Amino acid sequence: MLYKFKSKAAGDLIMLEANGRRVLEIIGKDTGPKGIILPEQMPAAMTALHAAVALEESHDQKVDALVPGEDLGLRQRVVPFIDMLERNHKAGHEVVWGI
């Protein structure tokens with residue numbers, strides 16, 4: 001399955017289920033099939049994502065962030081999502097997702 005994140009201020013962002021679930025867990029959201037991130041929740045979400053990336057990189061391990069057979073760490077996976085949050089926060093729009 002895939003998570004599809006949609007917003008008015010950025011293009012759609014599609015993530016594999018494991019990656020989308022990890023991002024939602026990091027920002028403290030329910031990993032259900034549908035949800036919303038409100039503009040006032042975005043600064044805390046971005047802070048949580050940056051902290052998770054810093055923690056991963058400080059431990060120099062990517063075990064939890066990797067999907068088997070891939071070499072991408074958490075940073076590469078969340079940069080587009082953080083950009084989406086930044087754009088929508090500035091514009092005052094929510095981000096929604098569905099599976």
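Which residues are exposed on the other side of α2? Select A44, T47 and S58: these are the exposed ones there. Keep in mind that this is a predicted model.

Next, select the residues of α2 that are buried: M42, A45, M46, L49, A52, V53 and E56. Look down the axis of α2: the buried residues fall within an arc of 125 degrees, so they line one face of the helix. An α-helix has 3.6 residues a turn, so residues three or four places apart point the same way. Now show what surrounds that face: the buried residues of α2 pack against α1, β3, α3 and β4.

Stay on α2 and check its length. With 17 residues at 1.5 Å a residue, α2 should span 24 Å, and its end C-alpha atoms are 24 Å apart, which agrees.

Move to α3, residues 74–91. Its 18 residues should span 26 Å at 1.5 Å a residue, and the distance between the end C-alpha atoms, 26 Å, agrees. Centre the view on P80, where α3 bends by about 25 degrees.

Then select L74, R77, V78, F81, I82, M84, L85 and N88, which are buried in α3. Colour their partners: the buried residues of α3 pack against the strands β1 (2–7), β2 (13–16), β3 (34–37) and β4 (95–98), and also against the helices α1 (17–26) and α2 (42–58).

Finish at G92, which follows α3. The phi of G92 is positive, near 75 degrees.

Methods. Residues numbered from 1 in each chain as written. Predicted model: local features only at pLDDT ≥ 70, side-chain atom pairs only at ≥ 80, totals over all residues. Heavy atoms only, no water. Helix = DSSP H or I, 4+ residues; strand = E, 2+ residues; numbered from the N terminus. Expected span 1.5 Å × (residues − 1). Bend = angle between axes of the 7 residues up to and from the residue. Buried < 20%, exposed > 50% of the residue type's maximum accessible area, 1.4 Å probe, protein only. Contact = heavy atoms within 4.5 Å. Arc of directions from axis to C-beta.
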